[in-house]
Amino acid sequence: MCEDLCVLGLVEYKRCLYYENGKKVIEARWRGEPIILKSKLENFSSYEPLGILDYQDTAEELSPLDVVFYATLEVRNSLGLADEDEDEGGGSNSSLARIWGKKLKNRERSYSRAELLSLWSLLQQEEYTFLRVLQDLSTHVAKVLGSCGHFYAVEYLSAGRAWDQNIFSLDEVAVSGMRGQDRAGPRGRWAAREMVHRIALSFLDMVWHFDNDFTHRLHLCDIKPENFAIRNDLTVVAIDVDMAFFEPKMRDILDQNCSNDDDCNFFDCLSRCNLNKLRCNPRRRNSNLQVICEKIFRPWFSPTLLGAKAGLPLQVELQRAVQECSETEGGLEEGDEDRGGGGRGRGIHQRLLNILTSLLQEGGSSAVGGGAWEGRGRVHTALNF
């Protein structure tokens with residue numbers, strides 16, 4: 001987006017949304033459309049330079065394949081993927097190289113020094129790397145729209161708010177079929193509740209895919225309304241993934257000295273202390289689903305919020321399932337039974353799915369939309385790290 005920003009003036013600053021410890025999040029408009037601009041560090045010079053350029057007379061001596069190779073190594077390092085995985089998937093020049101290669105080597109000329117330095121500053125930002133790699137593989141991450149220097153642009157979405165009883169501002173979401181209806185009337189109130197059920201189904205879909213789509217489970221360690229958003233079709237999107245880690249990096253984080261279980265908690269990702277070894281178990285004991293049930297579903301489906309509907313049979317069943325979910329450890333990863341918790345986790349996930357689908361059908365709707373449980377059997381093998 002550099003030409004639009006620096007030459008054509010098509011990027012317009014609106015306001016600063018966040019600025020702390022160098023990290024900047026800016027609301028802007030690009031060609032008239034709202035976007036979010038992000039950078040982990042304030043200044044371009046704060047990022048490590050691409051060291052290989054110190055040994056090259058000109059940047060043009062680096063071929064696109066060289067760039068793919070170095071970018072692949074940096075991505076693997078950023079995502080915390082262990083070197084021993086190379087023996088399983090064909091080496092560092094396999095899947096990640098193909099993903100980046102489609103974008104990097106499909107051009108007739110070499111990369112300029114400025115382009116290489118910009119790319120390198122972006123690859124040092126873990127969130128950019130996550131979003132950029134996963135956006136072609138999952139509907140549940142924010143789309144990267146462009147970049148210039150060390151700033152990258154992502155789609156502007158309606159983010160969650162902790163103080164809103166529905167978490168998301170449903171009035172801001174343009175939902176097909178809702179135009180012209182009176183939200184103040186009975187049908188409007190039911191429609192709003194129906195949207196909550198659809199969003200909940202999309203959360204379940206996201207959890208399933210993050211647990212099963214990749215070679216390594218993807219852990220979300222900072223689950224709160226502000227870190228998620230919804231698109232117009234009610235698909236739940238992770239918009240802040242600074243605290244998202246694949247299994248190898250998650251184990252490295254949890255594997256530390258301890259004197260009690262509290263020493264083994266990393267935000268929402270919890271482990272236990274082995275008092276004989278005084279060492280944390282590197283395997284996470286809770287799951288993405290358990291935390292979402294505790295921090296998002298329980299407030300959503302509480303009797304206080306549901307009012308008179310709280311006593312309806314399906315609502316009572318949903319409240320019980322959410323309570324059980326918040327107390328059930330273990331993820332949804334296939335083959336998890338032998339490691340403990342996987343079978344229980346998948347069982348409660350299926351139960352929630354069935355109840356929410358029944359609630360939608362009871363209201364005269366189907367469960368289609370919002371990315372809700374689309375393609376459960378499909379596993380993305382492209383991201384075979």
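Me: What makes two rings a pair?

Reply: Rings of Phe, Tyr and Trp pair if their centres lie within 6.5 Å. In this predicted model, ring pairs join Phe168, Phe203, Phe228, Phe297, Trp300 and Phe301 into a cluster. The whole structure holds 13 aromatic pairs.

Me: How is the pair of tryptophan 300 and phenylalanine 301 arranged?

Reply: Planes under 30 degrees apart count as stacked, over 60 as edge-to-face and the rest as tilted. Tryptophan 300 and phenylalanine 301 have 55 degrees between their planes and are 5.9 Å apart, centre to centre, so the pair is tilted.

Me: Are tryptophan 300 and phenylalanine 301 buried or exposed?

Reply: Under 20% relative accessible area counts as buried. Both tryptophan 300 and phenylalanine 301 are buried.

Me: Where does the largest pocket lie?

Reply: Look at which parts of the chain supply its lining. Domain 1 (1-156) and domain 2 (190-245 + 288-330 + 344-363) both contribute lining residues, so the largest pocket lies between them. Its volume is about 710 Å³. The lining has 21 residues, and those closest to the pocket centre are Leu17, Val25, Ala159, Glu226 and Ile239. Elements giving two or more residues to this lining include strand E1 (11-20), strand E2 (23-30) and strand E3 (33-39).

Me: How many of the lining residues are nonpolar, polar and charged?

Reply: Nine are nonpolar, three are polar and nine are charged.

Notes:
Residues numbered from 1 in each chain as written. Predicted model: local features only at pLDDT ≥ 70, side-chain atom pairs only at ≥ 80, totals over all residues. Heavy atoms only, no water. 1 Å grid on protein atoms, 1.4 Å probe; cavity = no way out; pocket = protein on both sides within 12 Å on 5 of 7 lines; lining within 4 Å. Points joined across faces, edges and corners; volume = space filled by probe spheres on them. Helix = DSSP H or I, 4+ residues; strand = E, 2+ residues; numbered from the N terminus. Nonpolar A, V, L, I, M, F, W, Y, C, P; charged D, E, K, R; others polar. Domains from an automatic or database assignment. Phe/Tyr/Trp six-rings, centres within 6.5 Å; stacked < 30°, edge-to-face > 60°. Buried < 20%, exposed > 50% of the residue type's maximum accessible area, 1.4 Å probe, protein only.
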